[in-house]
Amino acid sequence: MQERYQKLKEIVQIYLPDDVSADDIQLESNFTQELNINSANLVDIVLDVEDTFDIMLENEDMDGMLTVADALKIIDTKIADK
Amino acid sequence: MEEKACNKIMTSKEILSQLPYSEPFLFVDEIDFVDENGVEGRYTFKKTSHFYQGHFKDYPITPGVLLTECCAQIGLVCLGIYLLKGRTKTSDINENTLQIAMSSSEMEFYLPVIPGETVKVVSEKKYFRFNKLKCNVRLFNSEEKLVCKGVLAGMFKQTSDGK
């Protein structure tokens, strides 16, 4: 779990705008509202998540992925379903 | 067979009619080829375009941003319209409910394009997922020489209620 969180943080970090620091990434952080990640970069995060964890996300997953915790939950579910 | 008929290729005219641009900011004349994986189209830069008066003074050359725009309109938007059409079988794409935005561009330029020159844009889809279309684009002059190339991405949003 901790390892997945760490990996996810490393992915998110790449797409942070200049005015947001990696330390700002918390479990409850909202990707677009708090981390200022735009919708195009959120897609990049999802694609990186797919590659890193070897899973596939659907449009519904993307819609429900508002916070870092949401993303982790989706990752856990997808890995469990594999 | 039925499935194939649903995904019938849109004609160049149909795609152009869905474009959300008009003069003086339309940079597509014709779509020569389109399928799931890419698109090819042409545009002739008009000698009379006003920007040639200032870019540059006494030395009219097509601005790189407009070459990029031409690549984006043909390579991203026309392809995006086609791909969306393939995914929405029943309803037509209405230009009023199609929202688009360029999200990233990384271009390299090699040759100038003079007023009146016809260019060809060739675009290959990298992916179209979660409303984001990313493409490798190349723009050639009338001598088939590479003018510029790069990677463009844009977001496509289609809503039935205009939200």
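Student: Where is the place of B:Ser142?

Tutor: Happy to start there, with a predicted model in which local features need pLDDT of at least 70, side-chain atom pairs count only at pLDDT 80 or more, and totals for chains, interfaces and linings use all residues. Residues are numbered from 1 along each chain as its sequence is written, while chains are lettered from A and ligands numbered from 1 in the order in which they are written. Strands (E, at least two residues) and helices (H or I, at least four) are DSSP runs, numbered from the N terminus. On that numbering, B:Ser142 sits in the loop between β5 and β6 of chain B.

Student: Leaving aside neighbours within four places in sequence, which residues is B:Ser142 in contact with?

Tutor: Contact needs C-beta atoms, placed from the backbone, within 7 Å. B:Thr118 is 24 residues from B:Ser142 in sequence, but their C-alpha atoms are 5.9 Å apart. With neighbours within four places left aside, the contacts of B:Ser142 are B:Glu117 and B:Thr118.

Student: Which residue stands opposite B:Thr118 of β4(B)?

Tutor: Two strands pair if DSSP finds at least two bridges between them. β2(B) and β4(B) (residues 118-129) pair in the antiparallel sense over seven bridges. Across from B:Thr118 stands B:Thr44.

Student: How many residues are in the hairpin that joins β1(B) to β2(B)?

Tutor: Strands β1 (residues 30-35) and β2 (residues 38-44) of chain B run antiparallel and are joined by five bridges. In this pair, B:Phe33 stands opposite B:Glu40. The hairpin links β1(B) to β2(B) through two residues.

Student: Why does the span of α2(A) agree with what 1.5 Å a residue should give?

Tutor: The expected span of a helix is 1.5 Å times one less than its number of residues. Helix α2 of chain A (residues 39-53) has 15 residues, so it should span 21 Å, and its end C-alpha atoms are apart by that value, 21 Å.

Student: What do the buried residues of α2(A) pack against?

Tutor: The buried residues include A:Leu42, A:Ile45 and A:Val49. Their partners in chain A are α1 (2-14) and α4 (68-81). From chain B, the partners are β3, β4, β5 (132-140) and β6.

Methods:
A residue is buried if 20 or more other C-beta atoms lie within 10 Å of its own, exposed if 12 or fewer, and partly exposed in between; C-beta atoms are placed from the backbone. Two residues are in contact if their C-beta atoms, placed from the backbone, lie within 7 Å.
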